[in-house]
Amino acid sequence: GSTDCICYSTLGISDPVTSALHIIIGDCQPLDVSSVHHNNTFLKYCVSLLGYGFYGDILKDSEKKRWMGPIRYDYSGFKTFLSHHYYEGTISFQPAKHTLGSPRDKDSCRTGCYICKQSEQQLAEQHKECGLKHEEDEEEWKVIKGKFLAINAVNMSCACSRSPKGLSPAAHLADGSADLILVRKCSRFDFLRYLVRHTNQDDQFDFSFVNVYRVKGFQFTSKLSEDNESSVADVGKKRFGHFCRDHPACCCNSTNSTWNCDGETLDSSAIEVRVHCQLMKLFARGIEENCKDEAAYIQNSSE
């Protein structure tokens, strides 16, 4: 895509020669893939980012301005930030209990990641123990209702040149989970502080209005969809729905956003997402780094 986030997250650099060499050598890096469904109907696969609210609105607006070139993302981003739309809905998710790490730790995914290997083994053991029973039926789902400026689910860090650490620095490529980031309604200034932290080394999750969870599946239903399903007497809402979409500056803030699925729009606001562990393989080696991640992790665990 425009940010080359998959290259940055799997190689640490967006260089075509480096990518070509990995193909020639035959390096293999497994990747988690999320499948997106609506009413039990498969819609799309997602490898990097699935975003609702802020990033969905940016994509929807920028698609109308393709003639502007890459600068359209800056324009649409600034416009979306000023509009400061929030969206009300319900998030239900399954915590990824099989993973060793958490979104708040400092263990980044690197070449031969031990967390990915251990998480894969624990997930396989869970499937064996479940037998013919569905694991989804046995594990408890957590439910969160609220007003959100952004709902992001990432299968990788989503790092790029503008955001060296990405949306979730500790996200892993092949641990069978996604990091679900919920940004609740807040002031413009606080939201700007959150966005700025993606460009520096500060912890972008260290805000009272930001929550992050490591999940292996989640569901989202907007408030507008809930109202339409639960009430057949809301004729006025349906009658004035078109007006509210054309004039979002009015007090009605229950209109739906668009899902940004790897840079493509999804108009269905109510979706179900499932993470598939190491569903595909990429010609890559992971990010190589001269540090003792495993030794540090073992030391922290023993302490």
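Predicted model: local features only at pLDDT ≥ 70, side-chain atom pairs only at ≥ 80, totals over all residues.

Me: What volume does the largest pocket have?

Reply: The largest pocket comes to about 1400 Å³.

Me: How many residues line the largest pocket, and which lie nearest its centre?

Reply: The lining has 36 residues, and those nearest the centre are Thr3, Tyr55, Tyr73, Cys160 and Arg162.

Me: Which helix gives the most to that lining?

Reply: That is α4, with six residues. At least two lining residues each come from α1 (5-10), α3 (54-62), α4 (71-83) and α7 (188-196).

Me: And how does the lining of the largest pocket split by class?

Reply: There are 18 nonpolar residues, eleven polar and seven charged.

Me: OK, switching to cavities. How many of 30 Å³ or more are there?

Reply: The count is two. The largest cavity has a volume of about 60 Å³.

Me: Which residues line the largest cavity?

Reply: Its lining is made up of Gly53, Phe54, Asp57, Thr80, Phe81, Ser83, His84, His85, Leu149 and Phe191.

Me: What about the classes in the lining of the largest cavity?

Reply: Five residues are polar, four are nonpolar and one is charged.

Terms used:
Residues numbered from 1 in each chain as written. Heavy atoms only, no water. 1 Å grid on protein atoms, 1.4 Å probe; cavity = no way out; pocket = protein on both sides within 12 Å on 5 of 7 lines; lining within 4 Å. Points joined across faces, edges and corners; volume = space filled by probe spheres on them. Helix = DSSP H or I, 4+ residues; strand = E, 2+ residues; numbered from the N terminus. Nonpolar A, V, L, I, M, F, W, Y, C, P; charged D, E, K, R; others polar.
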